[in-house]
Amino acid sequence: MNGADRYRMTNKISYTVDTLVVGASLSGSVSAFILGKAGVSVALVDPQPFPRQKACGEGLSALGQSYLKQLGLWTEALDRASVPLFGYSIKRQDGSTVSLVSRSDAPQCFGVSRVSLDSHVLESARCQPSVSFVNDKVVSLEPWNGEWLCRTSNGTGIQARSVILGVGGKGFQFLSDEPASSHYADARFGLAFWCKGGWNNGRPSVVQIVHQPEGQYFITPISEDTVNISVLLQQSGRDIPAKGEMKRRGLELLRSAGFEVREVSDTRGAGEVHALRRVGHSSLYLVGDAIERFDPVGGMGMTHAVLSAALAAASVLEGRWDPGPALRKYYSARWRAARILRLLSELSYELNVAENWAVLKLVRCAPRFSLWVTSFLRKCVPSLPRVVLDARSLGERPFASESQLPSYSFSLAIQESRS
Ligand SMILES: Cc1cc2nc3c(=O)[nH]c(=O)nc-3n(C[C@H](O)[C@H](O)[C@H](O)COP(=O)(O)OP(=O)(O)OC[C@H]3O[C@@H](n4cnc5c(N)ncnc54)[C@H](O)[C@@H]3O)c2cc1C
């Protein structure tokens with residue numbers, strides 16, 4: 001009896017579904033929503049008690065917002081609850097300020113609460129009759145006969161034909177056959193907290209970024225009376241202040257920006273950002289931060305989460321008869337899309353963090369041209385696949401014959417890293 005057979009004997013299979021989606025944050029819920037709309041059976045698993053706060057600067061790019069709109073996931077309520085933002089004002093350590101503000105009516109990004117956004121997307125997924133939400137943590141995934149067997153911490157067994165991993169990038173590792181991952185040289189980490197209160201001189205319509213010796217403090221209005229403060233630090237090379245100290249400094253900056261603070265939340269921390277996992281095999285779909293964590297300065301994290309989730313869902317839908325080529329198509333489509341998102345992120349990084357002389361000069365001397373470059377690049381990012389926009393009942397996909405299924409020669413377990 002092999003490991004998988006023993007597994008089946010000792011674990012009750014509670015769900016047999018077409019697709020298992022691990023992680024119900026933005027990327028996971030978007031994939032589950034699209035698949036659910038097409039009538040594909042999905043088990044969506046996450047241990048978090050939703051709605052929940054998440055460490056994030058909560059700046060959604062206009063591109064990300066347009067993807068959500070096209071998918072029917074950006075509602076009027078979200079529109080009313082979010083804050084349109086027209087650019088960035090960067091205060092450097094020498095006291096000088098660089099502004100990159102669009103004069104057009106079109107916002108560059110939106111300040112939006114992840115509590116509202118993530119809950120809405122998750123609820124939209126859960127409303128699909130073929131989607132089951134399992135409020136639990138996946139502890140192991142094992143290939144079995146061309147399919148997957150999954151176990152959660154409460155012992156629930158899930159059998160699925162394909163797996164989408166939207167587990168984020170925070171300290172998770174595959175215990176065996178870890179696909180090689182790489183960190184950009186300047187991997188960073190960050191934290192966020194939220195303040196309620198009011199603006200003395202009217203709410204600003206830009207994201208304010210204030211440089212401090214240890215990193216950058218982002219001030220993003222996310223509603224009439226709430227502000228998100230996120231802090232991004234270099235991983236190494238500088239003394240890292242304690243969380244409380246960063247919070248104190250953030251509050252000071254917020255007050256000097258004209259915000260009267262009434263209430264302050266706890267801080268939410270996050271592990272490394274700015275990292276890429278190179279998938280060494282094409283046997284499961286990694287989406288969102290699980291495959292690539294963009295530097296949050298560029299605000300491309302949520303945009304990538306939505307786009308990669310839609311590309312993965314498209315591959316699951318298109319690969320109903322022949323999953324192998326569809327998986328390969330996903331990885332190359334995501335890579336192509338990520339190249340441009342990466343470039344946009346890198347430009348923001350050079351401007352904000354590296355304080356690249358050439359980029360600073362360009363923004364100072366030709367702000368309109370700089371904005372044109374970024375909006376041109378945004379137009380080069382692929383549009384959403386037709387199949388996900390048209391997703392309507394396809395019914396269950398048939399069991400593929402053994403020869404059509406990709407062969408899995410490894411097993412993997414997901415566990416929270418202790419490091
Ligand atoms: C400080 C900071 C500021 C940021 N600011 C911005 C910003 O302003 N704009 C922007 O666009 N992006 C920003 N980002 C990045 C953005 O938050 C992420 O890119 C985005 O949340 C990725 O979404 P995701 O769905 O891939 O993963 P996540 O949002 O990380 O969600 C992963 C989910 O998987 C679940 N999970 C994990 N393991 C398991 C398991 N074993 N079983 C079941 N479920 C599991 C978790 O509970 C979680 O709900 C920021 C990030 C940080 C850290």
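A crossing of two helices is left-handed if the near helix is turned anticlockwise from the far one by less than a right angle, and right-handed if clockwise. Keep that in mind for two stops below.

**Before you start**

This is a predicted model: local features need pLDDT of at least 70, side-chain atom pairs count only at pLDDT 80 or more, and totals for chains, interfaces and linings use all residues. Residues are numbered from 1 along each chain as its sequence is written.

**The whole chain**

Show everything. The protein chain holds eleven helices and 21 strands. Both are DSSP runs numbered from the N terminus: helices are H or I with at least four residues, strands E with at least two. Of the 419 residues in the protein chain, 43% are buried. Buried means 20 or more other C-beta atoms within 10 Å of a residue's own; exposed means 12 or fewer; partly exposed lies in between, with C-beta atoms placed from the backbone. Now think of contacts, meaning pairs whose C-beta atoms, placed from the backbone, lie within 7 Å. Among contacts in the protein chain between residues at least 6 apart in sequence, 76% join residues at least 24 apart.

**Stop 1**

Strands pair if DSSP finds at least two bridges between them. Here an open sheet of three strands runs in the order 3-7-4, with antiparallel pairing. Strand 3 (59–61) and strand 4 (83–85) are at the edges with a single partner strand each, so one side of each has no neighbour in the sheet. From one strand to the next, the twist averages 30°. Strand 3 pairs with strand 7 (residues 109–111) over three bridges, in the antiparallel sense. Pick Ser61: its bridge partner in strand 7 is Cys109.

**Stop 1**

Axes are lines fitted to C-alpha atoms, for helices over the stretch in contact, and angles run from 0 to 180 degrees between N-to-C directions.

**Stop 2: helix 3 against helix 7**

Which residues of helix 3 meet helix 7? Leu63, Gly64, Tyr67 and Leu68 do, facing Met302, Thr303, Val306, Leu307 and Ala310. The contact has seven nonpolar residues, two polar and no charged. Ala, Val, Leu, Ile, Met, Phe, Trp, Tyr, Cys and Pro count as nonpolar, Asp, Glu, Lys and Arg as charged, and the others, Gly among them, as polar.

**Stop 3: helix 8 against helix 10**

Select 323–352 and 367–380. The axes of helix 8 and helix 10 come within 9 Å and cross at roughly 160°. That makes helix 8 roughly antiparallel to helix 10. Angles under 35 degrees count as roughly parallel, over 145 as roughly antiparallel, 65 to 115 as roughly perpendicular and the rest as oblique. This crossing, too, is left-handed. Helix 8 brings Ile340, Leu343, Leu344 and Leu347; helix 10 brings Thr374, Leu377, Arg378 and Cys380. These divide into six nonpolar, one polar and one charged.

**Last stop: Arg378**

Zoom in on Arg378 in helix 10. Is Arg378 buried, exposed or partly exposed? Arg378 is partly exposed, because 17 other C-beta atoms lie within 10 Å. Not counting residues up to four places away in sequence, Arg378 touches Leu63 and Leu344. Now turn to Ser61 again: Arg378 is 317 residues away in sequence, but 9.8 Å away in space, C-alpha to C-alpha.

Terms used: Contact = placed C-beta atoms within 7 Å.
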